[in-house]
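Biologist: I would like to go through this model feature by feature. Please give the general idea first and then the case at hand.

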Amino acid sequence: MHWLLNLVFYQLAWLAAVVLQSPWPVLALLALHLYLTPLKKADGKLMLLFMAAGVVVDGSLGLLGLFEFAVGPLFIPLWLVALWAALAMLPNHSLAWLKGRLWLNAVFGAIGGPLAYWAGVRLGAAQFGWPLWLSLLTLAAVWALLWPFLMRQALRSLA
C-alpha cells in the first residue's frame with residue numbers, strides 16, 4: 001500500500017475515533033486497509049498485539065489516574081482499542097523507515113505519543129487527571145520505551 005494513503009487512513013481513523021468516540025469508522029478503515037495491503041497477515045498480527053498493548057498501557061495509566069475516559073465494560077473505551085489497532089497500520093508501511101532505529105524510535109515515541117494524547121484531551125475525548133506537565137512527561141517516558149518495542153514487533157511480524 002502506498003505510504004501516503006496509509007498515513008491518510010491512520011489520520012482519518014485517529015480523528016474519527018477521537019471526535020466521534022466510536023469504534024465503527026475506525027473498524028471500517030481497518031477493514032479497507034486489510035483489503036488493500038499485501039501484508040495482511042503481518043498487519044493483522046500487529047493489530048492484535050497493539051490492541052492488547054493499548055488495553056494494558058492505557059488501562060494501567062487510567063487506573064493510576066493519569067487520564068479519565070467515560071468507559072464501558074473495559075478499562076478503556078472501545079474506540080480507543082480500535083485506535084490502537086489503527087496505529088498498527090503504520091509500522092509496516094508509512095513508518096517502515098523507522099524499523100531498526102532504536103534511538104530514533106524512542107525520540108519519535110517520546111514526542112508523538114504525548115502529543116497525540118494531548119490533542120485527544122483538547123478535543124474532549126479524555127481528561128488528564130494529573131497536572132499537564134506531569135501527564136505529558138509520564139507519557140513521554142512510557143512512549144519512549146513502548147514505541148521501540150512495538151516497532152521491533154513489526155520487524156518480527158514480517159518473519
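Biologist: What radius of gyration would a compact globule with 159 residues have, and what does the protein chain have?

Modeller: The model is predicted. With 159 residues, a compact globule would have a radius of gyration near 15 Å, and the chain has 15 Å, which agrees. Along the principal axes, the C-alpha trace spans about 40 × 35 × 25 Å.

Biologist: Which elements does the protein chain run through from the N terminus on?

Modeller: The order is α-α-α-β-α-α-β-α, which comes to 6 helices and 2 strands.

Biologist: What share of the contacts is between residues 24 or more positions apart?

Modeller: Counting contacts with a separation of 6 or more, such residues account for 75%. As for burial, 47% of the 159 residues count as buried. The chain exposes about 8,200 Å², of which carbon and sulfur atoms supply 75%.

Biologist: How many residues does helix H3 have, and what span is expected of it?

Modeller: A helix is expected to reach 1.5 Å a residue, counting one less than its number of residues. Helix H3 (residues 40-63) has 24 residues and reaches 34 Å from its first C-alpha to its last, close to the 34 Å expected.

Biologist: Which residues of H3 are buried, and what covers them?

Modeller: Among the buried residues of H3 are Leu 46, Met 47, Phe 50, Val 57 and Leu 61, and also Asp 43 and Asp 58. Their cover includes H2, strand E1 (67-68), helix H4 (78-87), helix H5 (102-122) and H6. After H3 comes Gly 65, with a positive phi near 90°.

Biologist: What is the phi of Gln 21?

Modeller: Most residues other than glycine have a negative phi. Gln 21 is not a glycine, yet its phi is positive, about 50°. This residue is found in the loop between helix H1 (3-20) and helix H2 (24-36).

Biologist: Is Gln 21 buried or partly exposed?

Modeller: Gln 21 counts as partly exposed because its relative accessibility is 36%, and buried means under 20%.

Biologist: Why does Thr 138 count as buried?

Modeller: Thr 138 has 19% relative accessibility and therefore counts as buried, the cut-off being under 20%. Its place is in helix H6 (residues 132-157).

Biologist: What lies 2.8 Å from a polar atom of the side chain of Thr 138, and which residues does Thr 138 touch?

Modeller: The backbone oxygen of Leu 134 lies at that distance from the side-chain polar atom. Leaving aside residues up to four places away in sequence, Thr 138 touches Leu 61, Leu 66 and Trp 130. Of these, Leu 61 is one of the buried residues of H3.

Technical notes: Residues numbered from 1 in each chain as written. Predicted model: local features only at pLDDT ≥ 70, side-chain atom pairs only at ≥ 80, totals over all residues. Heavy atoms only, no water. Helix = DSSP H or I, 4+ residues; strand = E, 2+ residues; numbered from the N terminus. Rg over C-alpha atoms; globule rule 2.2 N^0.38 Å. Buried < 20%, exposed > 50% of the residue type's maximum accessible area, 1.4 Å probe, protein only. Contact = heavy atoms within 4.5 Å. Areas by Shrake-Rupley, 256 points an atom, 1.4 Å probe, with all protein chains shown as cover. Polar contact = N/O pair within 3.5 Å; in protein donor to acceptor, adjacent residues only side chain to side chain.
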